[in-house]
Amino acid sequence: MIGKVLAGKAVVAKAVGGATIGTAIALGSMTSAFASDGQHITSTKASAHTEAATYTQAQAKAIALKNCGGTVKSVGFNDGVYTFLIHGKDSRDHHVKVNAQSGKVIQIQSAAFAKAQVQSIALKNCSGTIQSSSYANEVYTFLIHGKDNKDHHVKVNAETGKVIKAEVVKFTQEQAKQAALQQHKGTVQSVSFSEQAYTFVIKGIDNVQHTVKISPQTGKVC
């Protein structure tokens with residue numbers, strides 16, 4: 001069942017399997033809540049290959065959990081939006097999207113197949129180790145480092161549990177990570193993957209959060 005998209009509302013509620021997803025935080029309260037820790041930072045080197053974020057990953061995570069209680073299993077960042085996978089108290093997986101500029105929850109989705117189930121399906125298609133995963137439009141995308149020592153890109157529909165695409169990726173996630181860290185020295189906080197790019201969120205040695213995209217086909221910044 002797909003959750004409804006929120007359009008500029010400060011308050012939202014959604015019932016999933018008898019459990020109600022809570023109330024979104026008003027932006028005013030978010031500003032005061034984080035004003036003391038100096039975390040409202042924007043990359044000073046935003047360019048074609050970086051995405052600036054007013055709200056850090058940690059702040060966005062707190063907002064997501066206010067709307068959907070549970071445990072965060074993974075996080076991705078793309079086009080100015082954080083996507084958190086939360087295993088809810090209702091034992092279902094929920095995908096909560098938080099706008100990195102406004103701090104607003106813009107979408108909540110719940111999937112018929114939990115991530116653990118879909119991950120098993122992906123690994124049956126391609127044996128190896130899961131490197132990263134992302135979720136969009138009812139589809140999980142897994143990056144699997146296969147036993148052939150190559151990275152594979154496997155897409156599984158979260159509503160049907162079927163593999164809809166599988167292909168070999170030219171540049172591995174580790175190679176892309178090194179290329180990203182050449183752009184901004186620091187610590188990788190999260191990574192997500194799509195056909196177009198690896199997206200790395202890096203906390204730089206300058207104490208600024210940077211987002212760098214690397215092409216899986218060329219190994220270069222995109």
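Ser 190 sits in strand S11; helices (H or I, at least four residues) and strands (E, at least two) are DSSP runs, numbered from the N terminus. Residues are numbered from 1 along each chain as its sequence is written, and side-chain values use heavy atoms, with hydrogens and water left out. The model is predicted, with local features needing pLDDT of at least 70 and side-chain atom pairs counting only at pLDDT 80 or more, while totals for chains, interfaces and linings use all residues.

Is Ser 190 buried or exposed? With 9% relative accessibility, Ser 190 counts as buried (buried is under 20% relative accessible area, exposed over 50%, partly exposed in between, with a 1.4 Å probe and protein chains only). The side chain of Ser 190 makes a polar contact with the side chain of Gln 57, at 3.0 Å. A polar contact is a pair of N or O atoms within 3.5 Å; within protein, one must be able to donate a hydrogen and the other to accept it, and residues adjacent in sequence count only if both atoms are side-chain atoms. Setting aside neighbours within four places in sequence, Ser 190 is in contact (heavy atoms within 4.5 Å) with Gln 57, Val 75, Thr 199, Phe 200 and Val 201.

## The sheet around S11

Three strands make up an open sheet in the order S11-S12-S13, with antiparallel pairing (two strands pair if DSSP finds at least two bridges between them). At the edges are strand S11 (186–193) and strand S13 (209–214), each pairing on one side only. Neighbouring strands of this sheet are turned by 25° against each other on average, direction ignored. Axes here are lines fitted to C-alpha atoms, for helices over the stretch in contact, and angles run from 0 to 180 degrees between N-to-C directions.

S11 and strand S12 (residues 198–204) run antiparallel and are joined by seven bridges. Phe 193 stands opposite Tyr 198 in S12. Helix H4 (residues 173–183) packs on the sheet and touches S11, S12 and S13, its direction making about 45° with that of S12. The buried residues in H4 include Gln 173, Ala 176, Ala 179, Ala 180 and Leu 181. Part of what covers the buried residues of H4 is strand S7 (128–136), strand S8 (139–146) and strand S9 (151–157), along with S11, S12 and S13.

Now for S4. Seven of the eight residues of S4 are buried, so the strand is largely enclosed by the rest of the structure. Eight bridges join S3 to S4 in an antiparallel arrangement, with Val 72 opposite Ile 86 in S4. S4 also pairs with S5 in the antiparallel sense, over seven bridges, and there Phe 84 stands opposite Val 96 in S5.

S3 and S4 form a hairpin with two residues between them, and Asp 79 in the turn has a positive phi of about 50°. Asp 79 lies in the loop between strand S3 (70–78) and strand S4 (81–88) and is exposed at 60% relative accessibility. The hairpin of S4 and S5 has four residues between the strands, and Ser 91 in the turn has a positive phi of about 70°. Ser 91, in the loop between S4 and strand S5 (93–99), is exposed too, with a relative accessible area of 55%.

## Aromatic pairs

How many aromatic pairs does the structure hold? There are five, where rings of Phe, Tyr and Trp (its six-membered ring) pair if their centres lie within 6.5 Å; planes under 30 degrees apart count as stacked, over 60 as edge-to-face and the rest as tilted. One of them is Tyr 140 with Phe 142: the ring centres are 5.9 Å apart and the planes at 15°, so this pair is stacked. Both Tyr 140 and Phe 142 are buried.

Tyr 198 and Phe 200 are stacked as well, at 6.2 Å centre to centre and 25° between the planes. Tyr 198 is buried with a relative accessible area of 0%, and Phe 200 is buried at 1%. Phe 77, Tyr 82 and Phe 84 form one aromatic cluster.

## Cysteines and the whole chain

A search of the whole structure turns up zero disulfides (a disulfide is a pair of cysteine sulfur atoms within 2.5 Å). Cys 126 is buried at 9% relative accessibility, whereas Cys 222 is partly exposed at 38%.

The chain has four helices and 13 strands, and 46% of its 222 residues count as buried. Among contacts between residues at least 6 apart in sequence, 42% join residues at least 24 apart.
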